[in-house]
Amino acid sequence: MKTAILTLVIGAGMIASLSSAKTSTAMPGMAVKSTVKAGRGSGTVTAIDPKTNKITIQHGPIAALGWKAMTMAFAATPPALLKGVKIGERIDFAMRMRGSAAEVTAIRAR
Ligand SMILES: [Cu+2]
């Protein structure tokens, strides 16, 4: 029963965030500013998947977004960024959150 209630609460939260996303895209010119957050980080490449265009980075804190250190996957934007990196390489990178999607927009070997 407790699980069912929790699921309901999470479900309601998702609906709320979906509708707020809708609201922000309904304001032309404001949408980009309110939904995209950019930051910089550094870390180690732990996986590269050219098929899904994803790079996984074990990264340190990203202050601009209030993130702690973690390991996560980013979409490479543009995809050609993946060609210049290797697993195990230490990198500095620029990233942004586009809504709930994390993107890496620049990569430089350390
Ligand atoms: Cu992260």
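**View 1. Five strands close into a barrel, in the order β1-β2-β3-β5-β4.** The pairing in this barrel is mixed. From one strand to the next, the twist averages 55 degrees (axes are lines fitted to C-alpha atoms, and angles run from 0 to 180 degrees between N-to-C directions). Two strands count as paired if DSSP finds at least two bridges between them. Strands of a sheet pair through backbone hydrogen bonds, either parallel or antiparallel. This is a predicted model: local features need pLDDT of at least 70, side-chain atom pairs count only at pLDDT 80 or more, and totals for chains, interfaces and linings use all residues. Residues are numbered from 1 along each chain as its sequence is written.

**View 2. Strand β3 meets strand β5.** Strand β3 covers residues 70–76 and strand β5 covers residues 101–109. The two run parallel and are joined by two bridges. A75 has its bridge partner in β5: E103.

**View 3. The whole protein has two helices and five strands.** Helices (H or I, at least four residues) and strands (E, at least two) are DSSP runs, numbered from the N terminus. Read from the N terminus, the order is α-α-β-β-β-β-β. Of the 110 residues, 13% are buried (20 or more other C-beta atoms within 10 Å of a residue's own, with C-beta atoms placed from the backbone).

**View 4. Residues 14–25 have pLDDT under 50 throughout.** pLDDT is the predictor's confidence in each residue, from 0 to 100. The protein's mean is 82, and 69% of its residues reach 70 or more. For residues 14–25, the model has five contacts beyond four places in sequence (contact: C-beta atoms, placed from the backbone, within 7 Å). Where pLDDT is low, the predicted coordinates should not be read in detail.

Conventions. A residue is buried if 20 or more other C-beta atoms lie within 10 Å of its own, exposed if 12 or fewer, and partly exposed in between; C-beta atoms are placed from the backbone. Two residues are in contact if their C-beta atoms, placed from the backbone, lie within 7 Å.
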